[in-house]
Amino acid sequence: MSTTYVAIDIETTGLSPVKDAIIEVAAITFQDANILDEYSTLVNPERQVPEFITGITGITPEMVNDAPTMFSIRSRLRPKLGDHVLVGHNVGFDLSFLREERLALGNHHVDTLTLATILYPEAGRYNLESLAFYLNLPNIGEEQAHRALDDAELTIELFLALKEKALSLDYNQLEEIIEAGRRLGWDETVFFEDVLAEKTRLLFENGDAAPKRRRLSRLFLPDKIDGRSPTPKERPNELDIDLVSAMIRPGGNFDQAFEAFEYRPQQVEMLETVVSALNHGAHLMVEAGTGTGKSMAYLIPAAFWASENGRRVVISTATINLQDQLVQKDVPELLRLLPL
């Protein structure tokens with residue numbers, strides 16, 4: 001029998017489940033593509049609704065003044081949630097508020113945001129509206145305020161689209177994901193278990209036998225890294241700012257390696273600031289326009305710091321495109337040019 005899910009969405013007065021309160025809640029019970037039950041209500045937060053929240057949701061103080069409080073809603077909402085699997089987009093946010101109200105304490109949950117990053121790594125943006133546009137989901141095109149029921153309905157559409165995508169995965173690949181998920185206690189494992197069960201049913205309905213169980217060679221098999229692991233120094237050495245910045249100054253390694261090299265004072269300034277931050281263990285935020293040469297301005301200091309002190313430096317990117325650029329172009333270029 002298929003798993004019963006409940007798509008949940010809430011609107012709140014802010015981001016803190018301790019300091020803020022729910023102003024709207026929606027819960028839609030569904031099984032496969034069938035809606036079994038639908039519940040939504042405004043909630044009196046017993047505090048002021050901030051203007052910026054009204055701007056986002058369209059929910060005014062007057063709309064919630066006569067609404068029931070969470071105290072009276074709790075007894076109605078609890079049986080709606082039951083022991084079903086809860087589904088939400090960035091569901092941890094919704095659960096944090098519900099659990100503050102002593103609701104959804106034992107329910108398993110599935111996050112469509114997490115699933116989307118796995119099944120559609122090329123999407124780029126993962127908020128609910130962007131994914132709906134990217135996947136061309138129904139009822140998208142009209143600008144709408146963030147309302148709990150609308151977002152819960154859209155979450156179901158996204159969930160079904162993600163399930164369709166997961167059904168296209170190889171049978172043994174699904175088994176591998178489930179095995180790893182169970183071992184890790186991963187919440188989204190139940191989603192892939194449902195997908196595998198449906199894929200098995202479809203195979204038998206089509207007269208095919210389920211593939212014999214086999215181990216995948218490896219889902220991810222990176223190239224073997226040459227060299228030995230770095231031995232981190234207990235007290236790191238400071239980098240020579242002039243020595244590092246000389247790499248991208250006139251007459252430096254980059255100037256000699258590239259005929260079209262362009263000296264950019266802003267890039268040098270950013271590089272030297274990054275070196276200083278590494279030397280002093282400081283936090284640094286930099287805003288720089290297109291064409292500054294930001295990647296090299298932080299990659300070069302990171303490479304010198306790692307080499308000088310035997311310490312790993314992690315570079316985290318906002319997009320897959322930038323990650324690919326660093327891995328496939330910028331870092332190999334540095335390996336060729338740096339005197340390390």
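Reply: Start at Asn 309, which is in helix α13. Helices here are DSSP runs of H or I with at least four residues, strands are runs of E with at least two, and both are numbered from the N terminus. The model is predicted, so local features need pLDDT of at least 70 and side-chain atom pairs count only at pLDDT 80 or more, while totals for chains, interfaces and linings use all residues. Residues are numbered from 1 along each chain as its sequence is written, and side-chain values use heavy atoms, with hydrogens and water left out.

Is Asn 309 buried or exposed? Asn 309 counts as buried because its relative accessibility is 0%. Buried means under 20% relative accessible area, exposed means over 50%, and partly exposed is in between, using a 1.4 Å probe and protein chains only.

Now look at what Asn 309 touches. Leaving out residues up to four places away in sequence, the list is Thr 231, Pro 232, Lys 233, Pro 236 and Asn 237. Contact means heavy atoms within 4.5 Å. Leu 239 is 70 residues from Asn 309 in sequence, yet their C-alpha atoms are 9.5 Å apart.

Next, the helix itself. Helix α13 covers residues 294-309, and helix α14 covers residues 320-337. Their axes come within 11 Å and cross at roughly 60°. That angle makes α13 oblique to α14. The angle classes are roughly parallel under 35 degrees, roughly antiparallel over 145, roughly perpendicular from 65 to 115, and oblique for the rest. Axes are lines fitted to C-alpha atoms, for helices over the stretch in contact, and angles run from 0 to 180 degrees between N-to-C directions.

The crossing of α13 past α14 is right-handed. In a right-handed crossing the near helix is turned clockwise from the far one by less than a right angle; anticlockwise makes it left-handed.

Which residues meet there? From α13 come Ser 295, Met 296, Tyr 298, Leu 299 and Ile 300. From α14 come Leu 322, Gln 325, Leu 326, Asp 330, Val 331, Glu 333 and Leu 334. By class, this contact of α13 with α14 has 8 nonpolar, 2 polar and 2 charged residues. Ala, Val, Leu, Ile, Met, Phe, Trp, Tyr, Cys and Pro count as nonpolar, Asp, Glu, Lys and Arg as charged, and the others, Gly among them, as polar.

Step back along the chain to Gly 293. Gly 293 lies in the loop between α12 (265-280) and α13. Gly 293 is buried, because its relative accessible area is 19%. Its contacts are Arg 264 and Gln 267, not counting residues up to four places away in sequence. Thr 155 is 138 residues from Gly 293 in sequence, and 39 Å away from C-alpha to C-alpha.

For comparison, take another helix pair. Helix α8 (residues 171-184) and helix α9 (residues 189-205) pack at about 150°, with axes 9 Å apart. The two are therefore roughly antiparallel. Their crossing is left-handed. On the α8 side, the contact includes Tyr 171, Leu 174 and Ile 178; on the α9 side, it includes Phe 192, Val 195 and Leu 203. This contact of α8 with α9 has 8 nonpolar, 3 polar and 4 charged residues.

Helix α9 also packs with helix α7 (residues 148-167), at an angle of about 60° and with axes 10 Å apart. So α7 and α9 are oblique to each other. The crossing of α7 past α9 is right-handed. Phe 159, Leu 162, Lys 163, Ala 166 and Leu 167 of α7 meet Phe 191, Phe 192, Val 195, Glu 198 and Lys 199 of α9. The classes are 7 nonpolar, no polar and 3 charged.

Finally, the whole chain. The chain has 14 helices and 5 strands. Of its 340 residues, 41% are buried. Its radius of gyration is 26 Å, whereas a compact globule of 340 residues would be near 20 Å. That radius is taken over C-alpha atoms, and the globule rule is 2.2 Å times the number of residues to the power 0.38. The C-alpha atoms fill a box of roughly 70 × 60 × 45 Å along the principal axes.
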